[in-house]
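I opened my notebook to look through this structure step by step.

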Amino acid sequence: VEGVALLLTNVYTLTTMLNGASAIGERIKEWRTAKGWSQGQLAFFSGVRSSHLSLIERGMRNPKVETLVKIADAFKRSYVELVDGIEGYPSSEGVESSTREDGGEVGAGVGEDRSTALRDAQINLRRIGELNPEDFDVVVRVINAVMEKTERKYLEEHRAKRNRRKTSQQAPADNREVSPS
Amino acid sequence: VPQPVNLATVLDAISTEFQAMPDTVEAVLVRWKKYGKRFTQITFNDVLREPAYSARLRQAGAHEFGHVVCSHRGDLFVMWRAGTDIDRFARHLDECQERQCDYVAAYLLVPLQTLRDLKNMEASYIARQLDVPEHLVKLRFEIWKKHHR
């Protein structure tokens with residue numbers, strides 16, 4: 001009897017989760033289409049992978065709270081609004097929006113790191129984001145690729161410089177060892 | 001005829017490259033911070049490699065350089081191709097900053113002395129002489145008329 005009760009509880013929990021996942025997926029899709037965004041655009045704005053978004057929208061994944069916060073941020077709305085009335089998601093307690101306090105207007109300052117820069121880029125692109133989805137994706141891909149390339153180049157140069165410095169520091173020491181006293 | 005400021009050396013100091021981008025996008029300036037370093041990268045539309053578009057390339061470089069020298073706050077600036085239906089985007093852009101950059105480009109690429117020397121000539125002729133877009137020459141004329149400099 002205990003086994004059956006446990007099984008029923010698990011089935012109930014699973015059903016609630018899947019219903020919640022489906023409802024949240026529908027809401028995300030509804031918000032996204034209202035904005036006229038493609039899944040790729042939402043992926044860019046939120047930082048959540050496009051393939052993952054697709055599964056979430058179809059109710060095939062139960063997203064984590066952090067993921068939902070990112071998605072809500074992309075819409076400039078709160079997590080609470082996103083999960084409002086949907087079972088199976090925690091309330092707003094302890095969930096903080098990562099949306100910038102200044103509203104992320106263009107020209108909000110050079111970002112602390114690449115993800116911040118990208119976030120600003122997202123915001124900027126969103127403001128001018130009437131590019132068609134294909135063009136939008138191209139620009140986003142180009143920006144990402146260029147940033148990665150520049151960082152890689154910098155790291156290589158940095159390493160080469162460090163190695164040169166090491167070699168030049170070792171050289172006099174070696175000389176001292178071999179030189180006659 | 002006094003020639004435009006040669007920005008090649010300046011732009012070499014900033015990381016630049018060419019990438020295939022939509023026709024409507026002329027250039028993109030992106031700035032970010034990583035490993036404790038600030039990066040600035042200008043990416044031009046690949047088509048601007050064509051010798052026929054050298055004037056557009058110079059303008060795009062000078063315009064993006066304008067964002068750097070004016071210390072505009074922001075991480076990403078997109079320069080749209082002039083004369084496209086992108087004008088409808090203008091209301092979304094920070095017009096003041098973009099205007100400033102156009103001014104910088106006009107000051108750098110259209111020497112006042114050239115305008116003085118060729119003031120009776122068509123803007124298109126001056127543009128050809130300087131290898132810059134015609135609308136930049138017109139803008140420089142406007143600035144000269146308005147600010148007397």
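This is a predicted model: local features need pLDDT of at least 70, side-chain atom pairs count only at pLDDT 80 or more; totals for chains, interfaces and linings use all residues.

Next I asked myself: is helix 2 of chain A mostly covered or mostly open? The helix is mostly covered, with six of its eight residues buried. I wrote down their names: Gln41(A), Leu42(A), Ala43(A), Phe44(A), Phe45(A) and Ser46(A).

Then I looked for a packing partner. Two packed helices are described by the angle between their axes and the distance between the axes. Helix 2 (residues 39-46) packs with helix 4 (residues 65-74) of chain A at an angle of about 105°, and their axes are 8 Å apart. Angles of 65 to 115 degrees count as roughly perpendicular, so helix 2 of chain A is roughly perpendicular to helix 4 of chain A.

Which residues make this contact? From helix 2 of chain A I noted Leu42(A), Phe45(A) and Ser46(A), and from helix 4 of chain A, Lys70(A), Ile71(A) and Ala74(A). Sorted by type, the residues of this contact are four nonpolar, one polar and one charged.

Chain A has a mean pLDDT of 70, and 60% of its residues reach 70 or more. Within chain A, helix 3 (residues 50-57) has the highest confidence, a mean of 90, while helix 6 (residues 114-127) has the lowest, a mean of 48. Over residues 92-114 of chain A the pLDDT is below 50, yet the model gives this stretch 52 contacts beyond near neighbours in sequence. Residues 122-129 of chain A also stay under 50, with 26 contacts beyond four places in sequence.

**Over to chain B**

I counted six helices and four strands in chain B. Read from the N terminus, the order of elements is α-β-β-β-α-β-α-α-α-α. Of the 149 residues in chain B, 48% are buried. Taking contacts in chain B between residues at least 6 apart in sequence, I found that 68% join residues at least 24 apart.

Last, I picked one residue, Thr114(B), which sits in helix 4 (residues 112-117) of chain B. Is Thr114(B) buried or exposed? Thr114(B) counts as buried because its relative accessibility is 0%, and buried means under 20%. A polar atom of the Thr114(B) side chain lies 2.7 Å from the backbone oxygen of Pro2(B). Leaving out residues up to four places away in sequence, Thr114(B) touches Val1(B), Pro2(B), Ile126(B) and Leu130(B).

Terms used
Residues are numbered from 1 along each chain as its sequence is written. Chains are lettered from A and ligands numbered from 1 in the order in which they are written. Side-chain values use heavy atoms; hydrogens and water are left out. pLDDT is the predictor's confidence in each residue, from 0 to 100. Helices (H or I, at least four residues) and strands (E, at least two) are DSSP runs, numbered from the N terminus. Contact means heavy atoms within 4.5 Å. Axes are lines fitted to C-alpha atoms, for helices over the stretch in contact, and angles run from 0 to 180 degrees between N-to-C directions. Angles under 35 degrees count as roughly parallel, over 145 as roughly antiparallel, 65 to 115 as roughly perpendicular and the rest as oblique. Ala, Val, Leu, Ile, Met, Phe, Trp, Tyr, Cys and Pro count as nonpolar, Asp, Glu, Lys and Arg as charged, and the others, Gly among them, as polar. Buried means under 20% relative accessible area, exposed over 50%, partly exposed in between (1.4 Å probe, protein chains only). A polar contact is a pair of N or O atoms within 3.5 Å; within protein, one must be able to donate a hydrogen and the other to accept it, and residues adjacent in sequence count only if both atoms are side-chain atoms.
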